[in-house]
Amino acid sequence: MGGRNEKFFQQTGTTNHVKNAVKRELKKQDQFVTLTEHGVDWAKQNRQQAITIGVVAVALILLIVGGYTLFNHRTDAAANAFGDAMQTYQTPLASQAPGLPPGMKTFPDAKARAAAANAQFLAVANQYGMTQPGKMALYMAGVTYMDEGNNGAAEDVLKKVSGSWNADTAALGKSALAGLYQQMGRDADAEKLLEELAKGNAATVPPFFAQIQLGDLYQSEGKTADAKRVWAQVKDKDKDPKGNAGPAAQVASERLNPRPAGPGMMGQ
């Protein structure tokens, strides 16, 4: 083969650089042919071992496909269980009974409803924690702990959610945790979380809305100048491609220029 190759190079006037590259490719092809021939010979001489290796390879493929199918099945099951828990969380309260159809289930108060939903959300999170519905169930478990007034448990759960590898899920946890800290009087911790979200890019808690939350927190602390500064930044920056104010900018504008109370609001 070497003689034929040299003759071809001479006839075509190939440069040394290209010649060497072609030789390397031809050498690779020769090596491939040799390896293939050896492989066929080995398979003939070791037929049983070749069959065993083939069976193992097929088994691995089936395991991967089966695992993917199982994961999809578990995700569907998790989504259904999460939906049931959400339905419990949205069940009407007894105080709303007069306007409800007869026989509709109700809860005596929001705390009782949150406790019932919390048990379901925890069950989903524990059983399907690797799925996205399972991760959302853990978040809702934290929220329902807050509704129950169980701040310690809520903080523990929401911290886990905040540490999620999924940025969107983690943002939800941080936002809820900031609200919890504000309720607990831990404003400095709440500010830190909202500042992180304001610098992020999560779809679940857009940065501009995190800034509005931060402004609201400043306002509640009596830091009016800081609140207006943050809202003004949102108003100036949140614009669509045509330069129109975005949804966060509209909210910020309302914060900066609150509507005066109407006649019906006087004295309330």
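Helix 10 (residues 224–237) comprises 14 residues, which at 1.5 Å a residue should span 20 Å, and the 20 Å between its end C-alpha atoms agrees with this expectation; the expected span is taken as 1.5 Å times one less than the number of residues. Helices here are DSSP runs of H or I with at least four residues, strands being runs of E with at least two, and both are numbered from the N terminus. The model is a predicted one, in which local features require a pLDDT of at least 70 and side-chain atom pairs count only at pLDDT 80 or more, whereas totals for chains, interfaces and linings use all residues. Residues are numbered from 1 along each chain as its sequence is written, and side-chain values use heavy atoms, with hydrogens and water left out.

Within helix 10, the buried residues are Ala227, Val230, Trp231 and Val234, where buried denotes under 20% relative accessible area, exposed over 50%, and partly exposed the range in between (1.4 Å probe, protein chains only). Viewed down the axis of helix 10, these buried residues fall within an arc of 95° and therefore line one face of the helix, the arc being that of the directions from the helix axis to the C-beta atoms. The face turned away from the buried side of helix 10 carries the exposed residues Ala225, Asp236 and Lys237, while the cover over its buried residues includes helix 9 (207–220) and helix 11 (247–256).

The structure also holds 2 aromatic pairs, a pair being rings of Phe, Tyr or Trp (its six-membered ring) with centres within 6.5 Å, and planes under 30 degrees apart counting as stacked, over 60 as edge-to-face and the rest as tilted. The rings of Phe82 and Phe121 have centres 5.7 Å apart and planes at 50°, so this pair is tilted; the pair links Phe82 in helix 3 (residues 47–89) with Phe121 in helix 4 (residues 110–127), 39 residues apart. The rings of Tyr89 and Phe121, with centres 6.4 Å apart and planes at 70°, form an edge-to-face pair. Phe121 is buried, with a relative accessible area of 0%, whereas Tyr89, at 21% relative accessibility, counts as partly exposed. Phe82, Tyr89 and Phe121 form one aromatic cluster.

Regarding confidence, the mean pLDDT (the predictor's confidence in each residue, from 0 to 100) of the protein is 78, and 71% of its residues reach 70 or more. Over residues 42–47 the pLDDT is below 50, and this stretch has 3 contacts in the model beyond near neighbours in sequence, a contact meaning heavy atoms within 4.5 Å.
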